[in-house]
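Here is a structure to look through together, by way of a few questions. Have the viewer open and follow along.

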Amino acid sequence: MISIKDLNFHYKGSQDAGLHDFSIEINSGEAVLLCGASGCGKTTILRLINGLIPHYYKGELSGSVTVNGKDIQNCELYDLASVVGTVFQNPRSQFFSVDTDGEITFGNENLGIEPKEIIRRKDEVVSELELEPLLGKSLFELSGGEKQKIACASVSALMPEIMLLDEPSSNLDWKAIDELKKVIEYWKGKGKTIVISEHRLWYVKDIVDRVIFMKNGRIEHEWNREQFGKLTSQELSELGLRPTSVEEKYIEEFGKGIFSEDKSSDNNSIQRYENGISLKDMYFTYDIPKYFFRKKKLNAADSAQYTLAIPELDLPRGKVIGLIGKNGAGKTTFLRCICGLEKDCTLKITSDGETVSGKKIVKKCYMVMQDVNHQLFTDSVRAEVMLSMDEENREKADKLISDLGLYGYEDTHPMALSGGQKQRVAIASALAADSEILLFDEPTSGLDRAHMTAVAEMLSALAKDNRVIIVSTHDPELISLCCDYTLCIEKGRLKYLRKCQ
Amino acid sequence: MRKLELDPRTKLFMIFAISLIVMVNAYTPLQMVIRIIVTAIPILLMTLEGKYAAAIRFAVLYAAAFILQNYYLSAGSSGLLSALITGYCGIVAQFMPAMITAWYAIRTTKINDFMSAMQKMHVPDGVSISLAVVMRFFPTIKEEYESINDAMRMRGISMGGGKVTKMIEYRLIPVMFSCVNIGDELSAAAVTRGLGAPIKRTSANEIKLRAIDYTTMVVFAVSTVLFMAAKNIG
């Protein structure tokens, strides 16, 4: 079905990233997993199969790629559209339409399929992937998991023989991953050829027939499903792969708590921590009752209808707290309220006997956003750090920068850095602002093992300075690596805050 | 199934007609009446498509400006406050009709319908695809802008330290970076699904000009002609 022979490739303007003498044969109906560290060439292979290389991304290419009997280099991308379907990593940027129906029919319309056939294919995909509840909605209102499902459907509607998935789970929670797994199983049942590039191995390990481990653009190892299943976590970690079982263990442990429907505890017994930071009256809702000129003030009495209602919570200092809960449970709202981004939230924060509320909360907290590109504004790393200081202090800024391993990058433009470095610049500016509470929104989505371990170590180090670190995450591995406590939120209510075993 | 959805071509025609109307000052009562009619139609269409909140908001805003301008402000009124109100009402009453129609057209048109309408008008693919991408990008830019705004507020630099240039720079640079990235990924995803194929595009939702489309177009055409002629009729 897919045959790559003696392929050499490197991207235009880049020295190292690329493939070297790469050869692989993938049979019809086979499911193959590509794994390895970031930058090992996984995505490049997928781009070769769907023709984005050499038709969209340019570079130097030698060797041959044949897909379904067609030589990719002599094919046009639209000829491949009905043969190869691709689900991409970022759910935000793979939609062309703004509504779900339009997105599912988009590919077929481009290829000039008869309207009746388009409708038939759409109906088939909708019923088989159980998408009825999502039809007729705006894509901008959907959660990441729902978007990814629509992406799968729009690819599926083209009825291609080959399905490519490029780290499709990076932005998904466990439940959404479970649904994604079902979609992949459904494709497999239909005899499609599937190639998945992924860091999170636990959910694909039972679906794939063959696992290919890549390093620096070459195949290093190849296993079949049984052999791969027998690898110990020790062996996996030596290869720099994420474990195949830890997530399941954690889902077992936390998942039951998160996904069970039982009422959240009323947390009458708030545990106090020595020198902790306490949050009080955390009430917030997105639809505040409005009068003509003023908004109704939020209060405890109406809290039953609020999006977020946590009357009291004590957070321990010097510890890393993992914030868990399913998509839409209110984790992001919780973080936004703590950093003072929701002006109507009635939160009061008490630390060292001093209570702040309203606008002053902003000073206490700092959030490192999921997409750090949104929070880097200036033209150099040093300027970025100094921007956060009340009084600009160059020495202190340089010290913070080198403490975070960015020595030598002081004058670099933040946008020229790698993702992990950008994250550290954001952390440096948080430290420069003397924030006591540091919040991280999904800091490890889409990272390989090495990068994730680095983030975990950094979080633990940051906590040592008597700060409160809260990490919102879907990554059970990150929790197991660095979290001292887990804080679970469900439907905007506190479920528990407890020590990790 | 399809309630009262107008063909995208009709909506384009409405925007065209109303743009002509707002560009000319209204003097005679006939012109006033025409203005009110062409403003009321898109508002009515909005309610028919279930966009009640927006319809009411636009209607109230326009009515307030119109009434204030015509009944409470006279050529003789003076003072800063009335100058401000006059200016505000003048702009709203003058240009609001075009804004309402444009809002209605953008909010109620699906990209697929828009593309097939463009195709039926024999607009080259290059032009219609670019316009479709622009439509697709509005909500994205809004999302990106909002997150950046949040990030700035969190760092307490939303005012840019008082410097206007900094304020703009800090906002624009991240917006531009993420829009370029998103745009790049977006087009990669679109071409793998056959966008740009030299094949006649089809549409699952076939668009057709129906009686209601013709009626609307005639109403707008007649209004425009009458409006333009009114000055001369007198």
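This is a predicted model: local features need pLDDT of at least 70, side-chain atom pairs count only at pLDDT 80 or more; totals for chains, interfaces and linings use all residues.

A crossing of two helices is called left-handed if the near helix is turned anticlockwise from the far one by less than a right angle, and right-handed if clockwise.

Q: Is the crossing of helix 4 of chain A and helix 5 of chain A left-handed or right-handed?
A: Helix 4 of chain A covers residues 100-110 and helix 5 of chain A covers residues 115-128. Their axes come within 10 Å and cross at roughly 145°. The hand of this crossing is right-handed.

Q: Which residues of helix 5 of chain A make the contact with helix 4 of chain A?
A: From helix 4 of chain A, the contact takes Ile104(A), Thr105(A), Asn108(A) and Glu109(A). By class, the contact as a whole has three nonpolar, two polar and three charged residues. On the side of helix 5 of chain A, the residues are Ile118(A), Arg121(A), Lys122(A) and Val125(A).

Q: How many helices does chain B have?
A: Read along its sequence, chain B follows the pattern α-α-α-α-α-α-α-α. Its secondary structure has zero strands, and the helices come to eight.

Q: What percentage of the residues of chain B count as buried?
A: The C-alpha atoms of chain B fill a box of roughly 60 × 55 × 30 Å along the principal axes. To count as buried, a residue needs 20 or more other C-beta atoms within 10 Å of its own. Of the 234 residues of chain B, the share that counts as buried is 29%.

Q: Which helix of chain B supplies the largest share of the side that touches chain A?
A: In this interface, 39 residues of chain B are in contact with 48 residues of chain A. Helix 5 (111-120), helix 6 (125-154) and helix 7 (164-191) of chain B each supply at least two residues of that side of chain B. The residues on this side divide into 20 nonpolar, nine polar and 10 charged. The largest share, 12 residues, comes from helix 7 of chain B.

Q: How far apart do the C-alpha centres of domain 1 and domain 2 of chain B lie?
A: Domain 1 of chain B is made of 8-110 + 208-233, while domain 2 of chain B is 113-191. Their contact takes five residues from domain 1 and five residues from domain 2. The side of domain 1 that touches domain 2 has two nonpolar, one polar and two charged residues. As for the C-alpha centres of the two domains, the distance is 29 Å.

Methods:
Residues are numbered from 1 along each chain as its sequence is written. Chains are lettered from A and ligands numbered from 1 in the order in which they are written. Helices (H or I, at least four residues) and strands (E, at least two) are DSSP runs, numbered from the N terminus. A residue is buried if 20 or more other C-beta atoms lie within 10 Å of its own, exposed if 12 or fewer, and partly exposed in between; C-beta atoms are placed from the backbone. Two residues are in contact if their C-beta atoms, placed from the backbone, lie within 7 Å. Ala, Val, Leu, Ile, Met, Phe, Trp, Tyr, Cys and Pro count as nonpolar, Asp, Glu, Lys and Arg as charged, and the others, Gly among them, as polar. Domain bounds come from an automatic or database domain assignment. Axes are lines fitted to C-alpha atoms, for helices over the stretch in contact, and angles run from 0 to 180 degrees between N-to-C directions.
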